[in-house]
Amino acid sequence: MDTRELLLTRSSQANERLHAMIPGGAHTYAKGDDQYPEGLAPVISHGHGAHVWDVDGNRYLEYGSGLRSVSLGHAHPRVIEAVRRELDRGSNFVRPSIMEVEAAERFLATVPTAEMVKFAKNGSDATTAAVRLARAVTGRPRVAVCGDHPFFSVDDWFIGTTPMSAGIPAAITDLTVAFPYGDLAATEALLTRFRGEIACLILEPATYAEPPVGYLAGLRELAHRHGCLLVFDEMITGLRWSEAGAQGLYGVVPDLSTFGKALGNGFAVSALAGRREVMERGGLRHPGDRVFLLSTTHGAETHSLAAAMAVLDTYVEEGITAQLHALGERLAAGVRDAAAVHGVADHLVVRGRASNLVFATLDEKGEPSQEYRTLFLRELLAGGVLAPSFVVSSALSEDDIDRTVDVVARACAVYRRALDAADPTPWVLGRPVKPVFRRLA
């Protein structure tokens with residue numbers, strides 16, 4: 001084989017140290033070394049712009065940075081400067097800081113479909129708060145999640161529905177039901193089956209395909225007709241679809257929505273936003289039972305709020321969403337052309353909105369294949385591209401995209417040889433990468 005093997009001696013040693021002290025060897029399952037070819041899981045030293053360096057000194061073009069959170073590139077100057085201004089002013093106080101006012105005003109000005117906002121540290125904080133709030137407002141126990149979307153929360157109400165349900169009582173899992181994306185009739189049948197029991201419908205407003213015409217508006221009408229709330233999980237679509245998220249792009253206003261990832265450009269910040277009359281149930285200016293909505297020690301830590309404000313300003317003033325789309329369109333076109341030239345267009349498939357591209361690796365029968373994913377990732381890494389997805393950041397240049405396409409083309413040539421052999425094993429070189437959600441380690 002002509003694959004250039006990486007030298008990852010220090011990364012391998014660091015991975016052993018990680019597993020000795022940290023369950024899973026990472027603080028996020030999607031960052032685990034089981035997601036990468038055996039022996040090729042780099043441990044990162046630092047990053048700048050669209051590049052990262054591992055502890056062995058190898059440099060990579062990086063995609064999907066920070067699990068899609070770093071959309072402006074690492075150490076973006078406007079974000080870092082905003083944080084630096086706050087470093088010697090303290091980070092957390094016994095009362096709200098003025099920055100909480102300013103950050104809320106900035107967020108609501110950017111996402112005008114929301115009337116109130118509360119900040120937290122991660123997406124699960126926000127989605128679980130939305131579920132709790134919906135249950136309190138409606139007095140109903142069940143939650144309906146979109147079964148076609150992979151992740152909503154680390155908390156029991158969602159994780160109990162995945163293959164990694166160990167430790168979660170069935171009584172909790174039974175309160176979560178699923179509906180299919182894009183199918184209003186099936187969703188209405190679910191709401192009818194559990195009439196008066198479902199507190200909310202929660203979904204990503206869009207993923208790898210555009211929502212069917214009228215679907216989101218129809219879902220809102222359906223939810224309200226059945227007395228439940230509509231919750232948009234905008235962790236990914238927020239900012240990447242438009243500065244105001246998918247709700248701003250498609251013009252459909254949910255009762256509640258959650259934001260994160262791109263909001264902090266890698267700093268820990270998320271947000272729950274929504275209609276005042278619903279959100280205020282977690283406040284002090286209403287006559288009903290109090291809802292323990294979000295009360296986190298570090299939720300309004302000032303450095304992350306400063307980062308979020310800088311991110312919002314950068315997106316609006318520099319047209320970042322449009323830049324992401326242009327870069328993604330160039331990348332998608334290049335990858336598809338390379339796949340076609342090497343005869344693997346039906347096996348290496350690029351999907352999604354241009355600002356949020358993923359790829360699928362299919363075998364000889366057209367079925368999803370972890371073995372072919374392993375082969376493809378191995379070839380990308382050998383070419384200096386770290387890409388669990390093709391999600392772009394605005395730090396990428398057109399030359400970076402073209403270089404990536406060149407590496408993909410070489411990978412496609414190897415992919416074709418493996419398909420012709422009807423056996424990718426010689427190019428996998430070890431155990432295949434594994435799905436995150438699985439029952440056994």
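Modeller: Let's start with Arg135, which touches Arg140, Pro141, Val143, Leu175 and Ala199, leaving aside residues up to four places away in sequence; contact here means heavy atoms within 4.5 Å. This is a predicted model, where local features need pLDDT of at least 70 and side-chain atom pairs count only at pLDDT 80 or more, while totals for chains, interfaces and linings use all residues. Numbering runs from 1 along each chain as its sequence is written, and side-chain values use heavy atoms, with hydrogens and water left out.

Arg135 sits in helix H5, residues 123-138. Helices are DSSP runs (H or I, at least four residues), numbered from the N terminus. With a relative accessible area of 25%, Arg135 is partly exposed; buried would be under 20% and exposed over 50%, using a 1.4 Å probe on protein chains only. Glu280 is 145 residues from Arg135 in sequence, yet their C-alpha atoms are 14 Å apart in space.

Now for helix H12, residues 302-318. At its start, a side-chain oxygen of Glu301 comes to within 2.7 Å of the backbone nitrogen of His303. Just past the other end, Gly319 has a positive phi of about 60°.

Note on methods. Polar contact = N/O pair within 3.5 Å; in protein donor to acceptor, adjacent residues only side chain to side chain. Helix = DSSP H or I, 4+ residues; strand = E, 2+ residues; numbered from the N terminus.
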